[in-house]
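Hi,

Here is the structure I promised to pass on.

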Amino acid sequence: MSETASKLHAKHYADRMVQIDSVIEQNERIGEATYRLRIAAKAIAESVLPGQFVMIRLSGTNAPLIGRAFAVYDVIRTESGEAIWIDLVYLCKGVMTKALAASPLGTAVTVWGPLGNGFLNEGCDRLIMAVGGIGQTPMLLLGREALGSECYGSPPRANGWSEKVELIYGARRKSLLAGVDDFAQSRFEVTLCTDDGSAGVRDLVPNVLAKRLTELPSGERVRVATCGPEVMMQKVAQVCRDASASVVCDVSMETPMACGIGICFSCVAKIRQDGDDPWDYKRTCVEGPVFRADQIYW
């Protein structure tokens, strides 16, 4: 690769993805309008990093025509430890997700990935994952890697980089909370909050996080990872800024995508830059979806 080409090449461009034709092996409801989908995708399961995503579409149909982006929720292994399957968790609300929810086992799908940059595995004393809506989906792999119970990537990257992992998970009501047992069984400290008080505390995720940060020991290195509605993530980022300069916040953007491989420029986000212009558009599918909170021009 020439020097010029090297400068233009992004680490997370989609030339490192694989495309797999597979079938739906599991498609179960795990919450209100929320489903867990399992497909065999060995090459993706072996190489995916926490926070990366895949694009998926129903094979042999043009309705819907384009795929949809889903974070890889879980990697499922055989008894011998071989990574074979990936699980995706989705909320049934649009044309594609309604079609997926209605698809019987054995339905053919095409999936391509892993895509995006994912979360860094930087060391800390405590990782707090602050999520809302369907924003819990990239966090199971992240928390497991942080505690050292799983390794991800090819070759596997370093794990066990946080002593403690917490999940603050909010939704409008209890029935919309999905996958809570998965996080609890992974030895995360789980705090639930709902708008109506039907589960956990009656409060919003940013408020719960702000209170939690005041309770932590002085000098503890804290990383916050957030995903969910943009207004929630913006408030989480503000809470982290107000709490301490030592609280690092990573944001996983949920910008709608059409291609997932950096061609269509439909998933751009405003990212701060040096120079005369305070921000420029960056594609969440190749420069993201994970950005440092202070990079985002909200």
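Leaving out residues up to four places away in sequence, Thr255 touches Cys267, Val268 and Thr284, a contact being heavy atoms within 4.5 Å.

Before the rest, two words on how to read this. It's a predicted model, in which local features need pLDDT of at least 70 and side-chain atom pairs count only at pLDDT 80 or more, while totals for chains, interfaces and linings use all residues. Residues are numbered from 1 along each chain as its sequence is written, and side-chain values use heavy atoms, with hydrogens and water left out.

Now the domains. The assignment for the protein chain gives domain 1 (18-115) and domain 2 (124-292), with bounds that come from an automatic or database domain assignment. Their C-alpha centres lie 21 Å apart. The contact takes 27 residues from domain 1 and 30 residues from domain 2. Together they bury about 2300 Å², 60% of it on carbon and sulfur atoms; that area is the accessible area (1.4 Å probe) that two parts lose on being put together, summed over both. On the domain 1 side, Glu32, Pro50 and Tyr73 supply 29% of the area buried against domain 2, more than any other three residues.

Glu32 turns up again in the polar part: its side chain meets that of Arg173 in a salt bridge (2.7 Å, N to O). The rule finds four salt bridges across the interface, counting a side-chain nitrogen of Lys or Arg within 4 Å of a carboxyl oxygen of Asp or Glu. There are also eight residue pairs in polar contact between the domains, both residues at pLDDT 80 or more. A polar contact here is a pair of N or O atoms within 3.5 Å; within protein, one must be able to donate a hydrogen and the other to accept it, and residues adjacent in sequence count only if both atoms are side-chain atoms.

Asp125, in strand S8 (residues 124-132), is buried at 16% relative accessible area. Its side chain reaches the backbone nitrogen of Arg221 at 2.7 Å, and, neighbours within four places in sequence aside, Asp125 is in contact with residues including Ser162, Lys164 and Gly219.

Val251 belongs to strand S13 (residues 248-252) and is buried, with a relative accessible area of 0%. Among its contacts beyond four places in sequence are Met233, Phe291, Ile296 and Trp298. Val251 and Val236 are 15 residues apart in sequence and 9.2 Å apart in space, C-alpha to C-alpha.

Finally, Gln238 in helix H7 (residues 230-243) is partly exposed, at 33% relative accessible area. A polar contact of 2.7 Å joins its side chain to that of Asp242.

Cheers

Terms used:
Helices (H or I, at least four residues) and strands (E, at least two) are DSSP runs, numbered from the N terminus. Buried means under 20% relative accessible area, exposed over 50%, partly exposed in between (1.4 Å probe, protein chains only).
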